Amino acid sequence: MSTQPMILVTMTGPDRPGIIAAMTGHIAAAGARIRDIEQTVTHTLLSLSVIIDFTTGDSDQKPLIKDLLFLAKEWGLDLDFQVIDEQDYRRRSNRNAYVLTIMGGEVNAAALARVSAILAEHQVNIERISKLTQGQLRCVEFLVTVPEAFDVKAINRQLLHAGATLGVDVAVQKESLHRRAKRLVVMDMDSTLIQIEVIDELARIAGVGDEVARITDQAMNGEIDFNEALRQRVALLAGLSAEALEQVYQNIPFTPGARTLVRILKRLGFKTAVISGGFNFFTNRLKEDLGLDYAFANGLQIADGQVTGRLDGPVVDGARKAELLEEIARREGIALDQVIAIGDGANDLPMLGRAGLGIAFNAKARVREQADTHINQQSLDSILYLLGLSEWEMAELDQ
């Protein structure tokens, strides 16, 4: 432990090559030790901070401070320094850190002001702000430190409501190794990977759209459970030709950014999966089309070129989705903390809850409030911002 107080030295001014070399050269020559260092450059303005101390108690700090003052003047920089208590340094070093990602069509001053005010109300300190988009400010990442008694759910609720008013999404994640080391992404199909509900489209072609919609409403109102509702709706599809299923697939509108998301994830070495309460006729084709590693859904029985109105195998409901997520992770040797799950419906909640990061994508209010994270963005590849990827890094990976 050092026997003298530490000194925080900060230099600000025009950025140019050689500043770090000159500053650290003086520190080394003085026999001082660097305890911490950080630099940021905004446009052309440099901010460089170094915490130093001396390994021996009889070292004189004044010559080094004098040398650094001359250095700053020579380079056209402003220099400031302050004494730091060792105990306070250790307390701040043992930080409890989170990352906030703010994204939207525009992250304006009003949004930043409101989010920052909520953080201040909870005694959360912003340590670093990074811009993740080029040109217009559309995604900003905050690194924050929080007090020991930090209620992440309470602040999430406030940020959810504030974001809805301001037209931005705010995602809160614990800053840890697992945040930066995700390895598996599991996605729902309907209204997540693709922009339609397949069963509604099939019902429209079969001429039973109103009947299927009525059963869906009953299930949403809790009048019948998901499994029974699915079986009733599938029964109404009896007689539909297999060609009609192929026609629906050929005209499926992918969610904007879906192909880009999967392409970049694959280049980063992720495993990818689709787990759907829909039908494997479609998920199997998505798996082949997008190059996914896994695909699971309900088996839609087809005989003599027609839908029989029955299912093959067990129903893939919310509980089964969560089980399948765990099975994939176990097969790949991936910890659940390293899994991302993306969905929009209530039957996705068990899966979202099991993953290290569960994301409600353009979901209903109930799902948004129960999921770890929610985003209401047009493009599915906005998920990549939550991994800390910047827009220019995405562009490089997608070449």
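Me: At roughly what angle do the axes of helix 1 and helix 2 cross?
Reply: This is a predicted model. Helix 1 covers residues 19-29 and helix 2 covers residues 62-75. Their axes come within 10 Å, and they cross at roughly 165°.

Me: Is helix 1 roughly parallel or roughly antiparallel to helix 2?
Reply: Two packed helices are described by the angle between their axes and the distance between the axes. Angles over 145 degrees count as roughly antiparallel. The crossing of helix 1 and helix 2 is at roughly 165°, and it is right-handed. Therefore helix 1 is, relative to helix 2, roughly antiparallel.

Me: Which residues of helix 7 are buried, and over what arc around the axis do they lie?
Reply: In helix 7, residues 198-206, the buried residues are Val198, Ile199, Leu202 and Ala203. They are on the same side of helix 7, because they cover an arc of only 135°.

Me: Which residue follows helix 7?
Reply: The residue that follows helix 7 has a positive phi, near 80°. It is Gly207.

Me: Is Gln123 buried or exposed?
Reply: Gln123 lies in the loop between helix 4 (109-121) and strand 6 (125-131). Its phi is near 60°, a positive value in a residue other than glycine. A residue counts as exposed over 50% relative accessible area. Gln123 has a relative accessible area of 62%, so Gln123 is exposed.

Me: What is the relative accessible area of Ser191?
Reply: Ser191 is found in helix 6, residues 189-193. Phi of Ser191 is near 65°, a positive value in a residue other than glycine. Ser191 counts as partly exposed, because its relative accessible area is 25%.

Me: Why does Val234 count as buried?
Reply: Val234 belongs to helix 9, residues 226-235. Buried means under 20% relative accessible area. Val234 counts as buried because its relative accessibility is 1%.

Me: How are the rings of Phe281 and Phe282 arranged?
Reply: A search of the whole structure finds three aromatic pairs. In one of them, the rings of Phe281 and Phe282 have their centres 5.1 Å apart and their planes at 70°. Planes over 60 degrees apart count as edge-to-face. The arrangement of Phe281 and Phe282 is therefore edge-to-face.

Me: Which residue has its charged end over the ring of Phe281?
Reply: Phe281 is buried, as is Phe282. The charged end over the ring of Phe281 is 3.7 Å from the ring centre, and it belongs to Arg285.

Key: Residues numbered from 1 in each chain as written. Predicted model: local features only at pLDDT ≥ 70, side-chain atom pairs only at ≥ 80, totals over all residues. Heavy atoms only, no water. Buried < 20%, exposed > 50% of the residue type's maximum accessible area, 1.4 Å probe, protein only. Helix = DSSP H or I, 4+ residues; strand = E, 2+ residues; numbered from the N terminus. Arc of directions from axis to C-beta. Phe/Tyr/Trp six-rings, centres within 6.5 Å; stacked < 30°, edge-to-face > 60°. Lys NZ or Arg CZ within 6 Å of the ring centre and 35° of its normal. Axes fitted to C-alpha atoms, helices over the stretch in contact; angles between N-to-C directions. Parallel < 35°, antiparallel > 145°, perpendicular 65-115°, else oblique. Left-handed = near helix turned anticlockwise from the far one by under 90°.
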